[in-house]
Amino acid sequence: MSSNKKKQAELIEEISGVNPLKCMKCGKCSATCPSYNEMDIKPHQFVSYVINEDVESLVNSKSLWKCLSCFACVERCPRDVKPGKLIDAARQMVVRQRNNTYLSPDEIPELLDPELPQQLLVSAFRRYRR
Amino acid sequence: MKYSYYPGCTLRTKAKDLDDYARASARVLGFELEEVEDWQCCGGVYPLGTDEIATKLSSVRALNAAKEKNQELVTICSACHHVIKRVNDDMKNVEDICTRANNYMELDTPYKGETKVLHYLEVLRDRVGFDELKKKVVNPLKGKKIGAYYGCLLLRPGKLLEFDNPENPKIMEDFIRAIGAEPVIYPYRNECCGGYISLKEKDMAKSMCDKITESAEGFGADMLITACPLCMYNLNKSSAKKIPVYYFTELLAEALGVKEVQAS
């Protein structure tokens, strides 16, 4: 079990290319995140979950689906840790499993309105499902 | 001057205006946008995973098509610009991605990031020049106070996109001056509109856009301009918004006197 936990933490580091040990906990990522209030695990906490090999909590977190990929944390991280990449890797670990997606094509018709741009659909599909 | 041009999915459909006004203005400004043949959707968001290859191939194909014509590649949509520029950076600087993408592509000569990607605003600034643009303006938008809405994807990450200073940009303000109007600097101009969150969590995007529009209005803007169809959509859903949002190319076409020509 613990070796599986270790593997998951290694996988998230591999997909994201992030070294969580570089973080100095300045909190700038959380301070700048427009989704901070909506997140259960906050951006500055992502690294701790990977270091503590608790990827399970991270992949079950609401935060996965609240990140906007606005790259504010990526731009402003003074240590080049880029927490946005960690949360995207966690999201990838979820959506790469069959039937494990946040958006189903069946939901689409009722989400549409006449002004809705195609760009919104392709972006959401790319972030929310495989 | 001829550029390869990548319109992207939305400029062919919901944001046709953004495209039409850009092409009409280009003709007046002396450059031509030659659409990449058989371009495919960029996917809207850059695939961040270091092992993501297939999702980057549509960008690589467009980049390579421009390379084969020995042309720079122009985009207008903020998302296409973001995705294609970042994939190009991967092809140039990340050996693993470059090798694996080329394994899929089977080109005669591997693509290694040779193409220069330019946003239309960069063409105006770096190729045409804002001073030259100013000379071609026949209908200056005098007295209009315009807030530039940059959002995220044009600017960040600044080191990769090299579009402008990501914290204190000025390219759109310089554009606004060149077409004879007055730029309004407001704090929320590079804050996120919510992006794709507006599909499933409409209230969240709405409250973010309320802050943006209230900020712009509070600093005296009569209108906002954007380069992104998704920003446009989200801003228009703001319930607090009292001012209109335009694509920057519409105001450009108006200033150059080709707006009506285009509409007819």
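At what angle do helix α2 (residues 57-68) of chain B and helix α3 (residues 78-93) of chain B pack? Before answering, note that this is a predicted model, in which local features need pLDDT of at least 70, side-chain atom pairs count only at pLDDT 80 or more, and totals for chains, interfaces and linings use all residues. Residues are numbered from 1 along each chain as its sequence is written, while chains are lettered from A and ligands numbered from 1 in the order in which they are written.

Now to our pair. The angle between α2(B) and α3(B) is about 80°, and their axes are 9 Å apart. Axes here are lines fitted to C-alpha atoms, for helices over the stretch in contact, and angles run from 0 to 180 degrees between N-to-C directions. Helices are DSSP runs (H or I, at least four residues) numbered from the N terminus. The two helices α2(B) and α3(B) are therefore roughly perpendicular, a label for angles of 65 to 115 degrees.

Who meets whom? Ser59(B), Val60(B), Ala62(B) and Leu63(B) of α2(B) touch Val83(B), Ile84(B), Val87(B), Asn88(B) and Met91(B) of α3(B); contact requires C-beta atoms, placed from the backbone, to lie within 7 Å.

Let's step back to the domains. Chain B is divided into domain 1 (2-120) and domain 2 (136-263), with bounds from an automatic or database domain assignment. Their C-alpha centres lie 23 Å apart, and each domain of chain B gives 22 residues to the contact. On the domain 1 side, α1 (16-29) and α3 of chain B each give two or more residues, and α1(B) gives the most, with nine.

Terms used
Parallel < 35°, antiparallel > 145°, perpendicular 65-115°, else oblique. Contact = placed C-beta atoms within 7 Å.
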